[in-house]
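Have the structure open as you read.

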Amino acid sequence: MPQNAFSFFSFCNKKIRGAGGGGDCLRGNVLSRLIATKVFTMPEGKKVQRMFARIASRYDLANCLLSAGACRHWTRVLADLVARESPQLVVDLATGSGDVALELAKKLPPTTRILGVDFCEEMLDVARGRRAKIAGGDNVEFAFGDCMDLPLDADSVDALTIAYGIRNFENRPRGLREMHRVLRRGGKAFVLEFTQPARAFSPFYFLYLKFVLPLLARVITGDKNAYDYLTSSIEAFPPKEKITQELRAAGFENVRAIGLTFSIVAIHVAEKK
C-alpha cells in the first residue's frame, strides 16, 4: 500500500477542496460536481442525493424494521468476507450511515484504515455521530465523495466495499470502472446489493415490495416516495448473472456471486488482476 494512502485522513470531516501534490492519493477538483451523464434505466444522481438527505435521520431504523433485521446479517457476512483478505486500507463506497464501515472496524485489526465515502452530507453526519458513540472506531473516517469520479489514485486501495449503492449509480458502467481503477492489483471489490430472488420466493417478495414496504416506510420515515423509488429500483435491477457480466466488462476477474436469504440480496466478489 502506498505510504500516501494515509493522506486520506487529512481531508475527512470536510469536503475535498483540492489535491496536495503529485504523490497524494487525492485528485483535485473532482468532488465539487456530480456527473451529468444519463443512462435511461439509471437514476439521476442529484435526485438520489436529495432523497437520502430527506431520510438520513431514520434510515437505519427503517432498514432494520423493513428487512426484519436481515440487513444486519448481510452486513456481517460482507465484513467477514473482507476480513479474510487482511487488507490494510479499505474504502467503503456509498457508505451512507456507516453501517458497513463500522462493522468492518469490528472485524479488522485497529491498524487497518477504513474510509467511508458518500455524496450525501446528511448521511455522513449520521455516520460520524455513530462512530463517536462506539469504542474502537479510531481507524474509521468518513468523507464526501462521488462514486462517478473517486478522489483516489489508481491502484491505491486494498479492498472496496459497497452496499446497496451500485443500484443508485447514475452511470453504472462508469462507476464500476472507477472501482476497478482505484483498486490495487490483487485487490478485491465486495458488492452487496438487492437482486432478483429465487423463483419460488418471488411472488411473496414482490407482493411485500409493492404493497407492504411503501406503507411501512411512510409510517417509519414519513417519506413514502423514497421507498417507492427503492421498490421500483429493486424490481428493475438486473439479476446476479447480469451484474457479474458488468463487473467483468469493467475489467474485474474471478467474479463470483453469493446469494443470501432466498437471493433477496447477493454479494459479488470481484478481483483486479
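## Rings and their surroundings

Tyr205 has a relative accessibility of 6%, so this residue counts as buried. Keep in mind that the model is a predicted one.

Tyr205 has a ring partner in Phe201: the ring centres sit 6.2 Å apart with the planes at 25 degrees, so the two are stacked. Phe201 itself is partly exposed, at 23% relative accessibility. Ring pairs also bring in other residues, giving a cluster of Phe201, Tyr205, Phe206 and Phe262.

How many aromatic pairs does the count come to? The answer is five. One of them joins Trp74 and Phe194, edge-to-face, with 6.1 Å from centre to centre and 85 degrees between the planes. That pair ties together distant parts of the chain: Trp74 belongs to helix H3 (residues 70-83) and Phe194 to strand S5 (residues 183-194), 120 residues apart.

Now for Val126, which is found in helix H5 (residues 121-132). Leaving out residues up to four places away in sequence, Val126 touches Ala56, Asp60 and Ser97.

| Residue | Relative accessible area | Class |
|---|---|---|
| Trp74 | 3% | buried |
| Phe194 | 15% | buried |
| Phe201 | 23% | partly exposed |
| Val126 | 22% | partly exposed |

Technical notes
Residues numbered from 1 in each chain as written. Predicted model: local features only at pLDDT ≥ 70, side-chain atom pairs only at ≥ 80, totals over all residues. Heavy atoms only, no water. Phe/Tyr/Trp six-rings, centres within 6.5 Å; stacked < 30°, edge-to-face > 60°. Helix = DSSP H or I, 4+ residues; strand = E, 2+ residues; numbered from the N terminus. Buried < 20%, exposed > 50% of the residue type's maximum accessible area, 1.4 Å probe, protein only. Contact = heavy atoms within 4.5 Å.
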